[in-house]
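Here's a quick briefing to read alongside the model. Have the viewer open and follow along.

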Amino acid sequence: MILYLARRLLGVVAVLVAIAAVTFTIFYVLPSDPAAAACGKSCSAERLEAIRAHMGLDQPLWRQFADFTAGILTGRTVGSGPYALNCDFPCLGYSYENSQPVWDLLVDRLPVSASLALGAAVLWLLLGLSAGVAAALRKDSLTDRVLMVGAVAAASLPVYFTSVMLIYGLIRVAGLLPYPQYTPFGTDPLDWAANLLLPWLALAILYAAMYARQSRSSMIETMAEPYIRTARAKGLPRRTVVVKHGLRAGMTPVLTIFGMDLGGLLAGAVITESIFGLPGVGRLFYGALSTGDQPVILGVTLLAATFIVVANLAVDLLYAVVDPRVRY
């Protein structure tokens with residue numbers, strides 16, 4: 001187990017270095033010019049060259065990438081002379097649009113995105129797994145057909161349509177919930193949950209539908225395995241057969257997609273945060289795309305990649321906990 005974990009951690013580091021190299025190349029070498037984006041439209045040639053020198057874009061590509069990766073590990077100074085800017089560890093670059101290090105911007109927005117992603121994940125797992133298992137245990141029945149038709153219908157609805165309908169129905173018409181205005185969890189947990197309930201539902205409806213279909217397929221396949229028939233033949237209670245033997249083994253494919261989905265959402269749900277006005281990483285990313293703030297775009301891309309890679313590592317380790325057949 002320790003050797004396996006060590007190998008996987010080395011693999012995680014290698015993947016993140018490769019992603020950093022690719023994204024750095026895309027944002028700093030291809031035709032777009034970070035210096036021109038930072039300088040603005042009415043920028044003289046002299047001013048543009050000064051900004052390029054300040055951002056280190058006049059250095060060879062290998063030196064730029066070396067400085068960037070070293071900044072992530074130890075921090076660095078951006079620019080030189082009287083206009084030098086200190087970028088503490090871990091330095092993902094400096095946003096001239098916001099006059100802040102990229103890491104500080106991400107830290108400010110990350111609690112909002114984490115609250116949105118984790119709350120929605122709890123809802124879609126409860127709804128999706130319950131519907132999928134119920135449909136699998138009643139295969140080809142009316143319950144199975146109704147649940148799967150509902151899942152297909154929910155999965156076909158774009159999240160922006162679901163969000164608008166929830167806002168109209170639960171806020172404008174029924175007046176049951178306030179329009180989301182993010183409140184930190186430590187300030188008022190009840191207000192935090194009430195303001196995030198609509199965004200949670202908007203994401204949970206979409207993801208629960210996909211998880212219901214995946215868990216139904218996995219459970220049907222698992223319940224047909226020989227060891228399940230053996231457990232039934234031994235006279236074990238149906239609940240024990242389903243939960244202890246069937247559900248645990250059937251959830252490994254669901255765990256795989258859960259790691260990908262949760263890792264991606266932790267780095268921001270762009271559409272959902274924009275519709276509900278939540279100041280999360282996704283909304284920061286959307287603003288950076290609109291203004292061409294390439295250090296922020298690069299930082300969010302690396303953050304998303306890190307979350308996805310780490311989530312996949314955690315899922316691989318959870319396989320042995322969920323499925324007793326898996327050993328490392």
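How do the residues of the lining of the largest pocket divide into nonpolar, polar and charged? They split into 12 nonpolar, 3 polar and no charged. Keep in mind that this is a predicted model. Below are the pocket, the aromatic pairs and a couple of spots on the backbone worth a look.

**The largest pocket**

- The space in the largest pocket comes to about 460 Å³.
- Its lining is made up of 15 residues, and the closest to the centre are Leu-16, Ile-72, Leu-92, Leu-302 and Thr-306.

**Aromatic pairs**

- In general, you describe a pair of aromatic rings by the distance of the centres and the angle of the planes.
- The model has 5 aromatic pairs.
- One of them joins Trp-124 and Tyr-207: the ring centres sit 4.4 Å apart with the planes at 20°, so this pair is stacked, given that the cut-off for stacking is under 30 degrees.
- Trp-124 belongs to helix α5 (residues 102-137) and Tyr-207 to helix α8 (residues 189-223), so the pair ties together parts that are 83 residues apart in sequence.
- Both Trp-124 and Tyr-207 are buried.
- For Trp-192 and Trp-200, the centres are 5.4 Å apart and the planes are at 75°, so you're looking at an edge-to-face pair; the cut-off there is over 60 degrees.
- Trp-192 and Trp-200 are buried as well.
- There's also a cluster: ring pairs link Trp-124, Tyr-207, Tyr-211 and Phe-258.

**Pro-111**

- You'll find Pro-111 in helix α5.
- With a relative accessible area of 41%, Pro-111 is partly exposed, because that class runs between 20% and 50%.
- Pro-111 and Pro-184 are 73 residues apart in sequence, yet their C-alpha atoms are 8.1 Å apart in space.

**Asp-140**

- Most residues other than glycine have a negative phi.
- Look for Asp-140 in the loop between α5 and α6 (142-155).
- Asp-140 has a relative accessibility of 48%, so it counts as partly exposed.

How values were computed: Residues numbered from 1 in each chain as written. Predicted model: local features only at pLDDT ≥ 70, side-chain atom pairs only at ≥ 80, totals over all residues. Heavy atoms only, no water. Phe/Tyr/Trp six-rings, centres within 6.5 Å; stacked < 30°, edge-to-face > 60°. Helix = DSSP H or I, 4+ residues; strand = E, 2+ residues; numbered from the N terminus. Buried < 20%, exposed > 50% of the residue type's maximum accessible area, 1.4 Å probe, protein only. 1 Å grid on protein atoms, 1.4 Å probe; cavity = no way out; pocket = protein on both sides within 12 Å on 5 of 7 lines; lining within 4 Å. Points joined across faces, edges and corners; volume = space filled by probe spheres on them. Nonpolar A, V, L, I, M, F, W, Y, C, P; charged D, E, K, R; others polar.
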